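Below is a colleague's note for a reader who is new to this entry. Please read its points with the sequence and the model side by side.

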Amino acid sequence: MIEERKVSSEKAVLIGVVTQHQDEQQSNEYLDELEFLTLTAGGEAVKRFTQKLEMPNPKTFIGAGKLEDVRAYMEAHHIETAIFDDELSSSQLRNIEKVLDCKVLDRTNLILDIFASRAQTSYARTQVELAQCQYLLPRLTRLWTHLERQKGGIGMRGPGETEIETDRRIIRDKITLLKKKLKIIDKQMAVQRKNRGKMVRVALVGYTNVGKSTLMNVVSKSDVFAENKLFATLDTTVRKVVIKNIPFLLTDTVGFIRKLPTQLVESFKSTLDEVREADLLLHVVDISHPNFEDHIASVNKILDEIKSLDKPTLMVFNKIDAYQHETIDEDDLVTEKTKVHFTLAEWEKTWMNKLNNNCIFISALNKENLEDFRVKVFEEVKKIHITRFPYNDFLYEEYTEEDS
Ligand SMILES: Nc1nc2c(ncn2[C@@H]2O[C@H](COP(=O)(O)OP(=O)(O)OP(=O)(O)O)[C@@H](O)[C@H]2O)c(=O)[nH]1
Ligand SMILES: [Mg+2]
(Lines give C-alpha, C1' and ligand atoms only; values in the text may rest on other atoms or scores of the structure.)
(Ligands and ions follow the chains in the order given, each with its own letter.)
Protein backbone atom coordinates (compact mmCIF):
# COMPACT_ATOMS: atom_id res chain seq x y z
CA MET A 1 0.00 0.00 0.00
CA ILE A 2 1.74 3.13 -1.16
CA GLU A 3 0.01 6.38 -0.39
CA GLU A 4 0.91 9.77 -1.73
CA ARG A 5 0.06 12.70 0.45
CA LYS A 6 0.57 16.34 -0.26
CA VAL A 7 2.14 18.49 2.38
CA SER A 8 1.64 21.97 1.02
CA SER A 9 -1.72 23.78 1.26
CA GLU A 10 -3.34 20.65 2.50
CA LYS A 11 -6.61 20.65 4.36
CA ALA A 12 -6.43 19.79 8.03
CA VAL A 13 -8.60 19.42 11.10
CA LEU A 14 -7.44 20.94 14.38
CA ILE A 15 -7.92 19.16 17.68
CA GLY A 16 -7.58 20.72 21.12
CA VAL A 17 -8.44 19.97 24.70
CA VAL A 18 -10.14 22.45 27.00
CA THR A 19 -8.81 21.82 30.49
CA GLN A 20 -10.27 23.03 33.75
CA HIS A 21 -7.71 25.83 33.88
CA GLN A 22 -8.78 27.40 30.65
CA ASP A 23 -12.15 28.68 29.56
CA GLU A 24 -13.63 28.26 26.14
CA GLN A 25 -12.52 31.66 24.93
CA GLN A 26 -8.92 30.98 25.84
CA SER A 27 -9.05 27.59 24.19
CA ASN A 28 -10.42 29.24 21.09
CA GLU A 29 -7.58 31.71 21.06
CA TYR A 30 -5.10 28.86 21.38
CA LEU A 31 -6.73 27.19 18.40
CA ASP A 32 -6.61 30.51 16.53
CA GLU A 33 -2.89 30.39 17.05
CA LEU A 34 -2.72 26.78 15.92
CA GLU A 35 -4.67 27.80 12.82
CA PHE A 36 -2.17 30.60 12.17
CA LEU A 37 0.66 28.11 12.60
CA THR A 38 -1.09 25.78 10.16
CA LEU A 39 -1.47 28.59 7.67
CA THR A 40 2.16 29.60 8.05
CA ALA A 41 3.15 25.98 7.44
CA GLY A 42 1.16 26.01 4.21
CA GLY A 43 -1.99 24.26 5.39
CA GLU A 44 -5.61 25.18 5.71
CA ALA A 45 -7.63 24.45 8.83
CA VAL A 46 -11.14 23.43 7.81
CA LYS A 47 -12.58 22.26 11.12
CA ARG A 48 -11.89 22.40 14.83
CA PHE A 49 -12.64 19.73 17.39
CA THR A 50 -12.39 20.46 21.09
CA GLN A 51 -13.15 18.40 24.12
CA LYS A 52 -13.48 19.35 27.77
CA LEU A 53 -11.20 17.09 29.78
CA GLU A 54 -9.49 17.33 33.15
CA MET A 55 -6.29 16.45 31.37
CA PRO A 56 -5.48 15.06 27.92
CA ASN A 57 -6.19 11.35 27.58
CA PRO A 58 -2.84 9.57 28.01
CA LYS A 59 -3.68 7.05 25.31
CA THR A 60 -5.35 9.08 22.59
CA PHE A 61 -5.19 12.73 23.74
CA ILE A 62 -8.97 13.07 23.36
CA GLY A 63 -11.53 10.42 24.30
CA ALA A 64 -12.17 7.43 22.05
CA GLY A 65 -15.67 8.62 21.14
CA LYS A 66 -14.46 12.07 20.14
CA LEU A 67 -11.63 10.57 18.14
CA GLU A 68 -14.19 8.49 16.28
CA ASP A 69 -16.10 11.71 15.47
CA VAL A 70 -12.90 13.15 14.06
CA ARG A 71 -12.28 10.04 11.99
CA ALA A 72 -15.80 10.06 10.57
CA TYR A 73 -15.56 13.73 9.67
CA MET A 74 -12.18 13.31 8.02
CA GLU A 75 -13.37 10.34 6.03
CA ALA A 76 -16.53 12.09 4.88
CA HIS A 77 -14.61 15.20 3.80
CA HIS A 78 -11.53 13.44 2.45
CA ILE A 79 -9.18 15.19 4.84
CA GLU A 80 -5.92 13.45 5.53
CA THR A 81 -4.20 15.59 8.10
CA ALA A 82 -5.02 15.98 11.79
CA ILE A 83 -3.18 18.54 13.88
CA PHE A 84 -3.18 18.38 17.69
CA ASP A 85 -2.64 21.48 19.79
CA ASP A 86 -0.10 19.86 22.07
CA GLU A 87 2.96 17.70 21.89
CA LEU A 88 1.86 14.07 21.58
CA SER A 89 3.83 11.26 23.16
CA SER A 90 5.00 8.52 20.83
CA SER A 91 2.35 6.11 22.12
CA GLN A 92 -0.41 8.71 21.73
CA LEU A 93 0.80 9.33 18.23
CA ARG A 94 0.74 5.62 17.40
CA ASN A 95 -2.70 5.05 18.89
CA ILE A 96 -4.18 8.03 17.11
CA GLU A 97 -2.61 7.04 13.80
CA LYS A 98 -4.16 3.61 14.17
CA VAL A 99 -7.62 5.09 14.49
CA LEU A 100 -7.39 7.94 12.04
CA ASP A 101 -5.17 6.22 9.49
CA CYS A 102 -3.85 9.54 8.27
CA LYS A 103 -1.05 11.96 8.85
CA VAL A 104 -1.05 13.08 12.47
CA LEU A 105 0.89 16.19 13.41
CA ASP A 106 1.22 17.95 16.72
CA ARG A 107 1.99 21.49 17.70
CA THR A 108 5.71 20.81 18.09
CA ASN A 109 5.80 19.17 14.71
CA LEU A 110 4.17 22.18 13.13
CA ILE A 111 6.54 24.65 14.76
CA LEU A 112 9.55 22.55 13.72
CA ASP A 113 8.20 22.41 10.17
CA ILE A 114 7.87 26.18 10.02
CA PHE A 115 11.33 26.66 11.46
CA ALA A 116 12.69 24.26 8.85
CA SER A 117 11.03 26.13 6.01
CA ARG A 118 12.20 29.47 7.39
CA ALA A 119 15.83 28.56 8.05
CA GLN A 120 17.95 30.58 5.65
CA THR A 121 21.53 30.11 6.73
CA SER A 122 23.26 26.79 7.13
CA TYR A 123 23.62 27.66 10.80
CA ALA A 124 19.87 28.01 11.31
CA ARG A 125 19.28 24.88 9.25
CA THR A 126 21.67 22.87 11.39
CA GLN A 127 19.96 24.04 14.57
CA VAL A 128 16.51 23.18 13.25
CA GLU A 129 17.62 19.84 11.91
CA LEU A 130 19.03 18.85 15.27
CA ALA A 131 15.76 19.77 16.97
CA GLN A 132 13.83 17.80 14.35
CA CYS A 133 15.95 14.70 14.79
CA GLN A 134 15.61 14.87 18.56
CA TYR A 135 11.86 15.17 18.25
CA LEU A 136 11.70 12.38 15.72
CA LEU A 137 13.87 9.77 17.39
CA PRO A 138 11.36 8.51 19.96
CA ARG A 139 8.48 8.84 17.53
CA LEU A 140 9.34 6.69 14.56
CA THR A 141 6.12 4.93 13.76
CA ARG A 142 5.00 2.57 11.08
CA LEU A 143 2.50 4.72 9.26
CA TRP A 144 4.29 7.91 8.74
CA THR A 145 7.84 9.00 9.14
CA HIS A 146 9.04 12.53 8.91
CA LEU A 147 12.44 11.30 7.82
CA GLU A 148 10.96 9.94 4.61
CA ARG A 149 9.28 13.25 4.07
CA GLN A 150 12.56 15.09 4.47
CA LYS A 151 14.14 12.93 1.83
CA GLY A 152 11.68 14.36 -0.62
CA GLY A 153 9.16 11.59 -1.11
CA ILE A 154 6.26 13.26 0.61
CA GLY A 155 4.01 11.05 2.68
CA MET A 156 5.53 7.72 1.80
CA ARG A 157 4.29 4.47 3.19
CA GLY A 158 5.99 3.93 6.54
CA PRO A 159 8.92 1.59 6.81
CA GLY A 160 8.60 -1.85 8.39
CA GLU A 161 9.99 -2.63 11.82
CA THR A 162 13.52 -3.43 10.70
CA GLU A 163 13.63 -0.31 8.65
CA ILE A 164 12.58 1.63 11.71
CA GLU A 165 15.61 0.28 13.55
CA THR A 166 17.83 1.31 10.65
CA ASP A 167 16.20 4.72 10.62
CA ARG A 168 16.78 5.06 14.35
CA ARG A 169 20.45 4.38 13.85
CA ILE A 170 20.64 6.84 10.99
CA ILE A 171 19.01 9.50 13.11
CA ARG A 172 21.24 8.86 16.08
CA ASP A 173 24.31 9.19 13.87
CA LYS A 174 22.88 12.33 12.41
CA ILE A 175 22.30 13.84 15.85
CA THR A 176 25.93 13.18 16.77
CA LEU A 177 27.09 14.77 13.54
CA LEU A 178 24.86 17.82 13.88
CA LYS A 179 25.95 18.36 17.47
CA LYS A 180 29.58 18.32 16.36
CA LYS A 181 28.81 20.79 13.59
CA LEU A 182 26.97 23.09 15.98
CA LYS A 183 29.78 22.98 18.50
CA ILE A 184 32.17 24.35 15.90
CA ILE A 185 29.75 27.09 14.85
CA ASP A 186 28.94 27.92 18.47
CA LYS A 187 32.61 28.51 19.11
CA GLN A 188 32.88 30.79 16.10
CA MET A 189 29.82 32.72 17.20
CA ALA A 190 31.18 33.12 20.72
CA VAL A 191 34.41 34.55 19.31
CA GLN A 192 32.42 36.89 17.08
CA ARG A 193 30.42 38.13 20.02
CA LYS A 194 33.59 38.67 22.05
CA ASN A 195 35.09 40.71 19.24
CA ARG A 196 32.28 43.18 19.54
CA GLY A 197 34.10 44.56 22.53
CA LYS A 198 32.52 46.28 25.43
CA MET A 199 29.79 48.06 23.56
CA VAL A 200 26.42 47.92 25.27
CA ARG A 201 24.25 45.16 23.83
CA VAL A 202 20.50 45.45 23.55
CA ALA A 203 18.29 42.58 22.40
CA LEU A 204 14.76 42.68 21.05
CA VAL A 205 12.79 39.82 22.52
CA GLY A 206 9.13 38.91 22.40
CA TYR A 207 6.42 36.68 21.10
CA THR A 208 6.47 35.87 17.41
CA ASN A 209 4.82 38.38 15.05
CA VAL A 210 4.74 41.27 17.53
CA GLY A 211 6.84 43.61 15.38
CA LYS A 212 10.42 43.11 16.57
CA SER A 213 11.92 43.19 13.09
CA THR A 214 9.74 46.13 12.09
CA LEU A 215 11.00 48.04 15.12
CA MET A 216 14.57 47.00 14.36
CA ASN A 217 14.17 48.36 10.85
CA VAL A 218 12.83 51.75 11.89
CA VAL A 219 15.33 52.19 14.68
CA SER A 220 18.42 51.07 12.80
CA LYS A 221 17.33 51.90 9.26
CA SER A 222 18.11 48.34 8.27
CA ASP A 223 16.13 45.94 6.18
CA VAL A 224 15.22 42.86 8.16
CA PHE A 225 12.55 40.65 6.69
CA ALA A 226 9.22 41.29 8.44
CA GLU A 227 5.84 39.89 7.55
CA ASN A 228 2.52 38.88 9.00
CA LYS A 229 3.42 35.25 9.52
CA LEU A 230 4.88 33.39 12.44
CA PHE A 231 8.62 33.08 12.80
CA ALA A 232 9.60 35.44 10.01
CA THR A 233 12.98 35.78 11.69
CA LEU A 234 15.18 32.84 12.57
CA ASP A 235 18.61 34.26 12.06
CA THR A 236 20.00 36.90 14.30
CA THR A 237 20.74 40.36 12.96
CA VAL A 238 22.98 42.78 14.81
CA ARG A 239 23.10 46.49 13.99
CA LYS A 240 25.02 49.32 15.47
CA VAL A 241 22.68 52.08 16.56
CA VAL A 242 23.65 55.50 17.85
CA ILE A 243 21.23 57.54 19.92
CA LYS A 244 22.54 61.02 20.68
CA ASN A 245 26.21 60.28 21.34
CA ILE A 246 25.99 56.75 22.62
CA PRO A 247 26.45 53.79 20.31
CA PHE A 248 25.14 50.35 21.15
CA LEU A 249 24.44 47.08 19.40
CA LEU A 250 20.85 46.13 18.72
CA THR A 251 19.99 42.49 18.08
CA ASP A 252 16.88 41.15 16.41
CA THR A 253 16.31 37.48 16.86
CA VAL A 254 13.88 34.58 16.78
CA GLY A 255 10.43 35.13 18.30
CA PHE A 256 9.02 33.00 21.07
CA ILE A 257 5.73 31.15 21.25
CA ARG A 258 3.61 29.36 23.84
CA LYS A 259 4.93 25.84 24.33
CA LEU A 260 8.07 26.48 22.30
CA PRO A 261 9.45 22.97 21.80
CA THR A 262 12.22 22.26 24.29
CA GLN A 263 14.26 20.72 21.49
CA LEU A 264 14.31 24.12 19.81
CA VAL A 265 15.33 26.00 22.93
CA GLU A 266 18.24 23.60 23.32
CA SER A 267 19.43 23.58 19.74
CA PHE A 268 18.99 27.34 19.32
CA LYS A 269 21.38 27.79 22.21
CA SER A 270 23.79 29.97 20.33
CA THR A 271 21.05 32.12 18.81
CA LEU A 272 19.59 32.55 22.28
CA ASP A 273 23.04 33.41 23.64
CA GLU A 274 22.49 36.78 22.03
CA VAL A 275 19.70 37.28 24.52
CA ARG A 276 21.62 35.71 27.37
CA GLU A 277 24.58 38.01 26.86
CA ALA A 278 22.57 41.18 26.29
CA ASP A 279 22.83 44.03 28.79
CA LEU A 280 19.30 45.27 28.18
CA LEU A 281 16.19 43.58 26.83
CA LEU A 282 13.46 45.30 24.88
CA HIS A 283 10.49 43.04 25.46
CA VAL A 284 8.16 43.83 22.56
CA VAL A 285 4.47 43.07 23.06
CA ASP A 286 1.64 43.19 20.51
CA ILE A 287 -0.93 45.04 22.60
CA SER A 288 -3.56 44.65 19.91
CA HIS A 289 -3.55 40.87 20.41
CA PRO A 290 -6.36 39.65 22.68
CA ASN A 291 -3.95 37.24 24.35
CA PHE A 292 -1.07 39.63 24.90
CA GLU A 293 -0.86 38.97 28.64
CA ASP A 294 -0.50 35.27 27.93
CA HIS A 295 2.21 36.10 25.41
CA ILE A 296 4.16 38.05 28.02
CA ALA A 297 3.94 35.09 30.39
CA SER A 298 5.18 32.68 27.69
CA VAL A 299 8.10 34.94 26.84
CA ASN A 300 9.01 35.37 30.49
CA LYS A 301 8.91 31.62 30.96
CA ILE A 302 11.43 31.11 28.18
CA LEU A 303 13.57 34.01 29.43
CA ASP A 304 13.58 32.28 32.79
CA GLU A 305 14.64 29.00 31.16
CA ILE A 306 17.61 30.72 29.57
CA LYS A 307 18.39 32.58 32.80
CA SER A 308 17.66 36.02 31.42
CA LEU A 309 14.56 37.04 33.30
CA ASP A 310 16.37 39.30 35.74
CA LYS A 311 18.00 41.49 33.12
CA PRO A 312 17.13 45.18 32.87
CA THR A 313 14.07 45.19 30.64
CA LEU A 314 12.05 47.81 28.88
CA MET A 315 8.51 46.70 28.05
CA VAL A 316 7.61 47.97 24.59
CA PHE A 317 3.89 47.79 23.87
CA ASN A 318 3.68 47.90 20.10
CA LYS A 319 0.81 48.14 17.57
CA ILE A 320 -1.11 50.77 19.52
CA ASP A 321 -2.55 51.83 16.16
CA ALA A 322 -4.33 48.48 15.95
CA TYR A 323 -5.52 48.37 19.53
CA GLN A 324 -9.29 48.33 19.91
CA HIS A 325 -11.34 48.03 23.04
CA GLU A 326 -14.95 46.99 23.22
CA THR A 327 -17.49 49.44 24.55
CA ILE A 328 -20.57 48.90 26.65
CA ASP A 329 -23.77 50.76 25.75
CA GLU A 330 -24.97 53.11 28.43
CA ASP A 331 -28.34 51.36 28.72
CA ASP A 332 -26.75 47.92 28.81
CA LEU A 333 -26.87 47.02 32.49
CA VAL A 334 -25.99 43.37 32.07
CA THR A 335 -22.54 43.35 30.54
CA GLU A 336 -19.79 43.55 33.11
CA LYS A 337 -16.66 45.49 32.39
CA THR A 338 -13.72 43.23 31.66
CA LYS A 339 -10.28 43.62 30.18
CA VAL A 340 -11.64 43.70 26.66
CA HIS A 341 -13.24 47.04 27.55
CA PHE A 342 -10.02 48.66 28.80
CA THR A 343 -8.71 51.69 26.98
CA LEU A 344 -4.94 52.00 26.72
CA ALA A 345 -5.02 54.57 29.52
CA GLU A 346 -6.90 52.10 31.70
CA TRP A 347 -4.42 49.36 30.90
CA GLU A 348 -1.64 51.63 32.10
CA LYS A 349 -3.28 51.71 35.50
CA THR A 350 -3.28 47.93 35.85
CA TRP A 351 -0.20 45.85 36.60
CA MET A 352 1.58 47.97 34.01
CA ASN A 353 1.63 50.72 36.60
CA LYS A 354 4.13 48.65 38.57
CA LEU A 355 6.64 48.55 35.75
CA ASN A 356 8.38 51.58 37.25
CA ASN A 357 8.09 53.70 34.19
CA ASN A 358 9.92 51.00 32.28
CA CYS A 359 7.28 50.74 29.64
CA ILE A 360 6.45 52.55 26.46
CA PHE A 361 3.57 52.49 24.01
CA ILE A 362 4.43 52.73 20.34
CA SER A 363 3.47 51.86 16.83
CA ALA A 364 6.51 50.73 14.91
CA LEU A 365 4.46 50.65 11.74
CA ASN A 366 3.11 54.20 11.97
CA LYS A 367 6.23 55.48 13.72
CA GLU A 368 4.17 56.71 16.65
CA ASN A 369 5.95 57.64 19.89
CA LEU A 370 9.30 56.59 18.49
CA GLU A 371 10.99 59.68 19.86
CA ASP A 372 9.89 58.76 23.40
CA PHE A 373 11.04 55.24 22.70
CA ARG A 374 14.49 56.51 21.70
CA VAL A 375 14.73 58.64 24.83
CA LYS A 376 13.79 55.72 27.07
CA VAL A 377 16.26 53.38 25.38
CA PHE A 378 18.93 56.07 25.56
CA GLU A 379 18.41 56.50 29.30
CA GLU A 380 18.68 52.78 29.91
CA VAL A 381 21.72 52.33 27.66
CA LYS A 382 23.41 55.32 29.26
CA LYS A 383 23.10 53.75 32.72
CA ILE A 384 25.00 50.69 31.49
CA HIS A 385 27.39 52.67 29.32
CA ILE A 386 28.54 54.82 32.24
CA THR A 387 29.47 51.82 34.32
CA ARG A 388 31.45 50.41 31.43
CA PHE A 389 33.24 53.52 30.25
CA PRO A 390 33.62 55.59 33.41
CA TYR A 391 36.60 57.71 32.30
CA ASN A 392 36.74 58.31 28.63
CA ASP A 393 33.90 59.46 26.42
CA PHE A 394 36.00 59.07 23.30
CA LEU A 395 36.61 55.40 23.86
CA TYR A 396 33.66 54.31 21.83
CA GLU A 397 35.22 55.73 18.69
CA GLU A 398 37.31 52.58 18.70
CA TYR A 399 34.37 50.28 18.30
CA THR A 400 33.50 50.74 14.71
CA GLU A 401 32.62 47.19 13.91
CA GLU A 402 30.91 46.80 10.58
CA ASP A 403 27.23 45.91 10.72
CA SER A 404 27.01 42.16 10.87
N1 LIG B 1 -0.71 47.47 12.95
C2 LIG B 1 0.58 47.31 13.21
N3 LIG B 1 1.24 46.29 12.65
C4 LIG B 1 2.55 46.15 12.92
C5 LIG B 1 3.25 47.07 13.77
N6 LIG B 1 4.54 46.66 13.85
C7 LIG B 1 4.64 45.54 13.08
N8 LIG B 1 3.45 45.23 12.52
C9 LIG B 1 3.14 44.11 11.61
O10 LIG B 1 3.22 42.89 12.34
C11 LIG B 1 3.70 41.85 11.50
C12 LIG B 1 4.88 41.17 12.13
O13 LIG B 1 5.97 42.04 12.17
P14 LIG B 1 7.46 41.53 12.31
O15 LIG B 1 8.31 42.75 12.49
O16 LIG B 1 7.81 40.55 11.26
O17 LIG B 1 7.33 40.76 13.72
P18 LIG B 1 8.46 39.93 14.48
O19 LIG B 1 8.19 40.16 15.93
O20 LIG B 1 9.81 40.26 13.96
O21 LIG B 1 8.03 38.45 14.10
P22 LIG B 1 8.92 37.10 14.06
O23 LIG B 1 10.21 37.39 13.38
O24 LIG B 1 8.05 36.19 13.31
O25 LIG B 1 9.09 36.68 15.49
C26 LIG B 1 4.02 42.50 10.16
O27 LIG B 1 2.93 42.29 9.29
C28 LIG B 1 4.17 43.97 10.52
O29 LIG B 1 3.86 44.83 9.44
C30 LIG B 1 2.51 48.16 14.34
O31 LIG B 1 3.01 49.00 15.07
N32 LIG B 1 1.19 48.21 14.03
MG1 LIG C 1 11.18 39.10 13.10
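1. In the protein chain, 71% of the contacts with a separation of 6 or more are between residues 24 or more positions apart, a contact being heavy atoms within 4.5 Å.

2. Basis of the values. This is a predicted model, in which local features need pLDDT of at least 70 and side-chain atom pairs count only at pLDDT 80 or more, while totals for chains, interfaces and linings use all residues. Residues are numbered from 1 along each chain as its sequence is written, chains are lettered from A and ligands numbered from 1 in the order in which they are written, and side-chain values use heavy atoms, with hydrogens and water left out.

3. Overall make-up. The protein chain has 13 helices and ten strands, these being DSSP runs numbered from the N terminus (helices H or I, at least four residues; strands E, at least two). Of its 404 residues, 50% count as buried, where buried means under 20% relative accessible area, exposed over 50% and partly exposed in between, with a 1.4 Å probe and protein chains only. The chain exposes about 20400 Å², of which carbon and sulfur atoms supply 51%; accessible areas come from the Shrake-Rupley method with a 1.4 Å probe, and for residues only the protein chains shown count as cover.

4. Nonpolar cores. The largest nonpolar core holds 66 residues, among which Leu-215, Leu-282 and Phe-373 touch the most other members; such a core is a set of buried Ala, Val, Leu, Ile, Met, Phe, Trp, Tyr and Cys residues joined through side-chain atoms within 4.5 Å. Helix H13 (residues 370-388) gives the largest share of this core, six residues. A second, separate core has 19 residues, including Ile-62, Val-70, Phe-84 and Ile-96. Not counting residues up to four places away in sequence, Leu-215 touches several residues, among them Leu-204, Val-284, Ile-362 and Phe-373.

5. Ligand 1. Which residues are closest to ligand 1? Of the 23 residues that surround it, the closest are Lys-212, Thr-214, Ala-232, Thr-233 and Asp-321, with a heavy atom within 4 Å as the cut-off for being near. Oxygen atoms of the ligand lie 3.0 Å from a polar backbone atom of Asn-209, 3.2 Å from a polar side-chain atom of Ser-363 and 3.1 Å from a backbone N or O atom of Leu-365. Taken alone, ligand 1 exposes 650 Å², and the protein buries 90% of that.

6. A buried arginine. Arg-107 is found in helix H4 (residues 107-118) and counts as buried because its relative accessibility is 1%. Its side chain is joined to that of Asp-85 by a polar contact of 3.0 Å, a term for a pair of N or O atoms within 3.5 Å in which, within protein, one must be able to donate a hydrogen and the other to accept it, and residues adjacent in sequence count only if both atoms are side-chain atoms. Beyond its neighbours within four places in sequence, Arg-107 is also in contact with residues including Glu-33, Phe-84, Ile-257 and Lys-259.

7. Positive phi values. Most residues other than glycine have a negative phi. Lys-319, which is not a glycine, has a positive phi of about 65 degrees, and this residue lies in the loop between strand S9 (313-318) and helix H12 (344-348). Asn-369 has a phi near 65 degrees and is found in the loop between strand S10 (359-361) and H13.
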